[in-house]
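Hi,

Here is the structure I promised to pass on.

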Amino acid sequence: MAPEESKPQESEPEQKVTSKPTVKKKQSPAATDTPAAAHAESSHAVTPAKKTSTSPSGPTPLFKDWPAPKLAIVLTGERHGYLEPCGCTQNQTGGVSLLADLFKQIQERKWPVTAFDLGGLVKRNRRQSQIKYETILASMKDMDYAGVGLGPEELRFGADIFLQLHNPEPQAPNTTPTFLAANILILETPGLGKTAFKIVEVGGVKMAVTSILSKSHVEKFPDITWQEPAKVLPDIIKQMQASKPDLMILLSQSEKEESKALAEKFPEFDLLLTAGGVEDPLGEPEFIGKTMMVDVGHKGKSAGVVGYYPGQADKTDPSKRFRFTVIELDKQRFKDTPKMAEHMQFYQDRLKQEDLAAKELPIDHPRGATFVGAETCGECHTKAYEKWLTTAHAHAYESLINGRKDQIERGEKIVSRIYDPECLSCHVTGWHPQEVIRYNSGFVNKQESPHLLGQQCENCHGPGSGHIELVEMDKLEEAKKVMRVTLAEAKKNTCYQCHDLDNSPKFEFDSYWEKIKHPWRD
């Protein structure tokens, strides 16, 4: 799993914005190599919103034309479990390692910086998700995040697991960032596992920040009670205002229209980070009165940065005290951070120690058959097997250890992922790729199931034991029918189980098919 890949884009000419808090959208003729790769970087006030770009002369400089702010606030959210790019394709963006370098570059400018995350850190409610959750929190601690909102993903763990995984107030070196939730009760106990709001002071700027979860994002969470945000926020706001903050901040796990309604109802907030936006936002803030509402995308591919300029405040134009940009975390402007590589290695080591590929409960294949391995298929289908041996599919498992060919040529250090179920699901045989669940007879590890290494015949055609039984019963037509996958089916569904937009954004069926096609009927 990984944030998507994008190609360089043409930069647009800079223009001046003289007034008005709303910035007009601009059409860019630049195209990317994937429909979902429209990452963006934009700024508000002096320079208008524009797409993140890499012109022929080089990458767009960060914070171009920004004077030094009194404070830089990094905003992230809706990571959905994307810790680091999977590495399946080149030029993938995002991940905590490049994000940490963004912090480093801001600090090198001598700008005071703090950070808040909207929440939604993981995707599934499994043991691997819990380990990943702890890893993401550890990385955020190293980046000095001041607070994290609660999203539905965190709450799906249930109260017992949630309380095990974090400490609500980081008063010791090895605890996690503060969790914020104004309208959530855990085990009916105010303050348990989180705090309603937090006062943060950085660079002489005092911030009061809180978080809410809207009704549209509520599910039936174990031992967790939801309260109507409009009922709890008035009292929380009074308590926040008592500290006389310079900025009031709301992290809103809501659809954008719900967040907008909250901004209208509670104009006390200066800055509102909302969920519910597009995966790759243009980076244009929306002003509701004096409240600047922003969204920063999904999957950790981008980060938002707010520059705070209190000296430029203007009652007639609330936009002047802020600049805002959404920054695509690309490898042209950002480098991997050694400390984050350590977190990634520790994460993979934990997956190995807990042997999750073997211990997570498997499921039965709908066909009721078992996986036999490509070598067994090759006993009859000799030409197809020989063709498979020449393809990258046959070496998919090794790529989890060695990386891509270009990475090997550059001598890059690769963190092995051979114990990571999320990677194994497309690099071995006998898993449900999209659900990341092992079938009963599917690959467990190299020692137990060496016959299922790599992306083999049965991942497309289904487990072969039933086919073999039918052949042995001389029911040849029925045996063929069981395993048949038409070209139309493959083009529509089969290949996209692994070659999806996250892991293979440049996938194009016809050209890829030429590399693996096996028309023989032997």
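Below is what turned up, starting with the sheets and ending with the cysteines.

One thing before you dig in: this is a predicted model.

Let's take the sheets first. Six strands make up an open sheet with mixed pairing, in the order β6-β5-β4-β3-β15-β16. The edges belong to β6 (178–180) and β16 (322–328); each has a single partner strand, so one side of each has no neighbour in the sheet. From one strand to the next, the twist averages 25°.

Strands β9 (residues 205–213) and β11 (residues 247–253) pair in parallel through seven bridges, and Ile-212 has Ser-252 in β11 as its bridge partner.

Now the insides. The largest nonpolar core counts 52 residues, and Phe-63, Leu-102, Ile-106, Tyr-133 and Val-305 have the most contacts within it. Helix α1 (residues 96–108) gives the largest share, seven residues. Beyond its neighbours within four places in sequence, Leu-102 contacts residues including Phe-63, Val-305, Ile-327 and Phe-334. A second, separate core has 27 residues, among them Ile-73, Phe-116, Met-207 and Met-292.

Finally, the cysteines. How many disulfides does the structure hold? There is one, and it joins Cys-426 to Cys-498, with 2.2 Å from S to S. The link between Cys-426 and Cys-498 is left-handed, at -100° about the S-S bond. It ties together distant parts of the chain, 72 residues apart: Cys-426 is in helix α13 (residues 421–427), and Cys-498 is in the loop between α17 (487–494) and α18 (509–516). Cys-426 is buried at 17% relative accessible area, and Cys-498 is buried at 16%.

Cys-86 is in no disulfide, and its nearest cysteine sulfur, in Cys-88, lies 3.3 Å away. As for Cys-423, the closest cysteine sulfur is that of Cys-86 at 6.7 Å, which is too far for a bond.

Cheers

Definitions and conventions:
Residues are numbered from 1 along each chain as its sequence is written. This is a predicted model: local features need pLDDT of at least 70, side-chain atom pairs count only at pLDDT 80 or more; totals for chains, interfaces and linings use all residues. Side-chain values use heavy atoms; hydrogens and water are left out. Two strands pair if DSSP finds at least two bridges between them. Helices (H or I, at least four residues) and strands (E, at least two) are DSSP runs, numbered from the N terminus. Axes are lines fitted to C-alpha atoms, for helices over the stretch in contact, and angles run from 0 to 180 degrees between N-to-C directions. A nonpolar core is a set of buried Ala, Val, Leu, Ile, Met, Phe, Trp, Tyr and Cys residues joined through side-chain atoms within 4.5 Å. Buried means under 20% relative accessible area, exposed over 50%, partly exposed in between (1.4 Å probe, protein chains only). Contact means heavy atoms within 4.5 Å. A disulfide is a pair of cysteine sulfur atoms within 2.5 Å.
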